[in-house]
Amino acid sequence: GLGGLIKIRGDRCWRDLTCMDFHYETQPVPNPMAYVLHRSPWWFHRFETLSNHFLELVVPFFVFLGRSMCILHGALQILFQVVLIVSGNLSFLNWLTIVPSLACFDDATLAFLFPSGPGGLKDRVLKMQEEEAQGPRAVQTYGCVARRLVNLAMGVLIAGLSVPVVLNLLSPRQIMNSSFHPLRIVNTYGAFGSITKERTEVILQGTASPNASAPDAEWKDYEFKCKPGDLRRRPCLISPYHYRLDWLMWFAAFQTYEHNEWIIHLAGKLLANDAQALSLLGVNPFEGTAPPRWVRGEHYRYKFSRPGGRHAAEGKWWIRKRLGPYFPPLRLQDLKGYFKSREWPEPEPK
Ligand SMILES: *[C@@H]1O[C@H](CO)[C@@H](O)[C@H](O)[C@H]1NC(C)=O
């Protein structure tokens, strides 16, 4: 519900139903299905956006409408999350969202999963329940009373902590991802409040050339495990695992390196051929050689190639256009002051 409302308020494309024209290409780490779905007809993208609103704004309230509506809620929610898992690498996010929906399926709904017949699990449980009903009523132990009290206290606490969350939901200036208490027990959460219309990527490159400005300097791309880089590499499939660095690179591409100083830290590690940092990447072009003399970040715009088109025929999933530098060529010795002023340990070449 929170996520649905923030969308309607956050981005025009959620109101004119065009968000899905962009989402598959610009989401954090697209997968092969996103490449296909991006080319769906316009009416399908409108339908998807409308379905998203229905699922995020209407379906959540089904939980309060009795057993069968709750089961319907659980089924729709799981279906929605499975569609999201298939159409994008949003990692554990969707799996986690499925968990509370499972509570809608009571024993009667889930009974089909277990063997029936005489001596079967269902039969044995029924017998146990009958015996319990006939036997003497269980006495209330202190443990039971204490548990009730703890449950009640938890309920009151959650209700109290939810007040600012509900006020935020009703406020015209709703905030997207935030917590209102130091313990962060009840938070407000929403994803994709606004949809990026253009995909940009930061590509890290290194060269062994002693002169970074020399026209014959050969720059080689570092490849990440999952995020787009090499145009010929098929978009990856990863779920529920999360490549945090690839995800951070997506955010970094919206801004500049000054907003993301960690990327200069990473450049320092690459200049030192740091094994731990390199273990987070997919391909190190300086594997088994001396570390690069220079590392730079380049800013590119990425688009999916058109299926059946010229680029796709060349084996390219992506086409890209250089926008400019993201950070200039750096040497290890240039970074000494930068690292020192931030109290980062100096990268040690091995
Ligand atoms: C590096 O190459 C550029 C371009 O060829 C040249 O102008 C510059 O003098 C070179 N620098 C050094 C230190 O050799």
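Colleague: Which cysteine is joined to Cys70 by a disulfide?

Modeller: Cys104, with 2.3 Å from S to S in this predicted model.

Colleague: Where do Cys70 and Cys104 sit in the chain?

Modeller: Cys70 belongs to helix α6, residues 67-87. Cys104 is in the loop between α7 (92-101) and α8 (107-110). The two are 34 residues apart, and the pair links distant parts of the chain.

Colleague: Buried or exposed, Cys70 and Cys104?

Modeller: Both Cys70 and Cys104 are buried.

Colleague: And what is the handedness of the link?

Modeller: The link of Cys70 and Cys104 is left-handed, with -70° about the S-S bond.

Colleague: Back up a bit. What is a disulfide?

Modeller: A covalent bond between the sulfur atoms of two cysteines.

Colleague: How many disulfides does the structure hold?

Modeller: There are 3. One of them joins Cys13 to Cys19, with 1.7 Å from S to S. That link of Cys13 and Cys19 is right-handed, at 75° about the S-S bond.

Colleague: Why does Cys13 count as buried?

Modeller: Because its relative accessibility is 3%, and the cut-off for buried is under 20%. Cys19 also counts as buried, at 0%.

Colleague: What about Cys226, which cysteine does it form a disulfide with?

Modeller: With Cys236; their sulfur atoms are 1.7 Å apart. Cys226 and Cys236 both lie in the loop between β5 (223-224) and α11 (244-252), 10 residues apart. Both of these cysteines are buried.

Colleague: Why is the disulfide of Cys226 and Cys236 right-handed?

Modeller: Because the torsion about its S-S bond is about 75°.

Colleague: What is the pairing, numbering the bonded cysteines in sequence order?

Modeller: It runs 1-2, 3-4, 5-6.

Colleague: And Cys144, what is its relative accessible area?

Modeller: It is 42%, so Cys144 is partly exposed.

Colleague: Now the whole protein. How many helices and strands are there?

Modeller: 15 helices and 8 strands. The radius of gyration is 26 Å, well over the 20 Å from the globule rule for 350 residues, so the protein is more spread out than a compact globule. Its C-alpha trace spans about 90 × 50 × 50 Å along the principal axes.

Colleague: How much of it is buried?

Modeller: Buried residues are 39% of the 350. The protein exposes about 20700 Å², with 63% of that supplied by carbon and sulfur atoms.

Colleague: Last topic, charges. How many positive and negative side chains are there?

Modeller: 40 positive and 30 negative, and the centres of the two sets lie 3 Å apart.

Notes. Residues are numbered from 1 along each chain as its sequence is written. This is a predicted model: local features need pLDDT of at least 70, side-chain atom pairs count only at pLDDT 80 or more; totals for chains, interfaces and linings use all residues. Side-chain values use heavy atoms; hydrogens and water are left out. Helices (H or I, at least four residues) and strands (E, at least two) are DSSP runs, numbered from the N terminus. The radius of gyration is taken over C-alpha atoms; the globule rule is 2.2 Å times the number of residues to the power 0.38. Buried means under 20% relative accessible area, exposed over 50%, partly exposed in between (1.4 Å probe, protein chains only). Accessible areas come from the Shrake-Rupley method with a 1.4 Å probe; for residues, only the protein chains shown count as cover. Lys and Arg count as positive and Asp and Glu as negative; His and the chain ends are not counted. The place of a charge is taken as NZ of Lys, CZ of Arg, CG of Asp or CD of Glu. A disulfide is a pair of cysteine sulfur atoms within 2.5 Å.
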